[in-house]
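Try each task before you read its solution.

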Amino acid sequence: LGPNWVLTVHSADIDVLDDFRAAAEGKGEIGLLDAPSFLATLLEWVVTSYLRAFDEIEETLDEFDVKALANPSDNPDEEIEVLGEARRRVGRLRRTLAPHREVFSALSHSEFDPLSSEGSAERFVGLTARVDAALASARDVRDGIASSFDVLIVRTEHRTNEIVKVLTLASILLLPG
């Protein structure tokens, strides 16, 4: 990061950076930002992509719950695998996002960086708050996964109770007096 430039290094294409580049091209006031403010804008875009990912997982869990309540599956292992994959994805996203909090917090202190202004420092303070909100969203989604597992267990227990009722009734009717 320097006057009028920002350098990023990554081994593969990053969709969120391509999306940001597409949004920043053309009309607008992106060129009027100093480098730290531009970096803050770019990083806001990145944090928003994490929030979107957590929202997508939460939407998937909502659909899972509705499906599990409406139609019990004959293969609960498959449903548990769906929940396991969602849990792995949330964990991976959270572990990727969490270290950013320290970096954003350091960037919010303009006195430590001769390039930063008070305006860009304020943006990094806001960005730190957004990272905290995204990490809270990760915790909420993780709790949602546990709730979805509870829904699956309750539905499976209900189905098992129905089977036991039928077997009990059949035993009573078919047993000799």
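This is a predicted model: local features need pLDDT of at least 70, side-chain atom pairs count only at pLDDT 80 or more; totals for chains, interfaces and linings use all residues.

Residues are numbered from 1 along each chain as its sequence is written, and side-chain values use heavy atoms, with hydrogens and water left out.

**Exercise 1.** Work out the secondary structure of the protein chain.

*Solution.* Start with the tally: four helices and zero strands (DSSP runs numbered from the N terminus; helices are H or I with at least four residues, strands E with at least two). Then read along the sequence, and the pattern is α-α-α-α.

**Exercise 2.** Find how helix 2 and helix 3 are arranged.

*Solution.* First, take the axes of helix 2 (residues 35-70) and helix 3 (residues 76-107): they come within 11 Å and cross at roughly 160 degrees (lines fitted to C-alpha atoms over the stretch in contact, with angles from 0 to 180 degrees between N-to-C directions). So helix 2 is roughly antiparallel to helix 3 (that label needs an angle over 145 degrees).

**Exercise 3.** Is Thr128 buried or exposed, and which residues does Thr128 touch?

*Solution.* Locate Thr128 first: it's in helix 4 (residues 118-174). Its relative accessibility is 14%, so Thr128 counts as buried (under 20% relative accessible area; exposed is over 50%, partly exposed in between, with a 1.4 Å probe and protein chains only). Finally, skip neighbours within four places in sequence, and Thr128 is in contact with Arg101, Phe104 and Ser105 (heavy atoms within 4.5 Å).

Methods
Angles under 35 degrees count as roughly parallel, over 145 as roughly antiparallel, 65 to 115 as roughly perpendicular and the rest as oblique.
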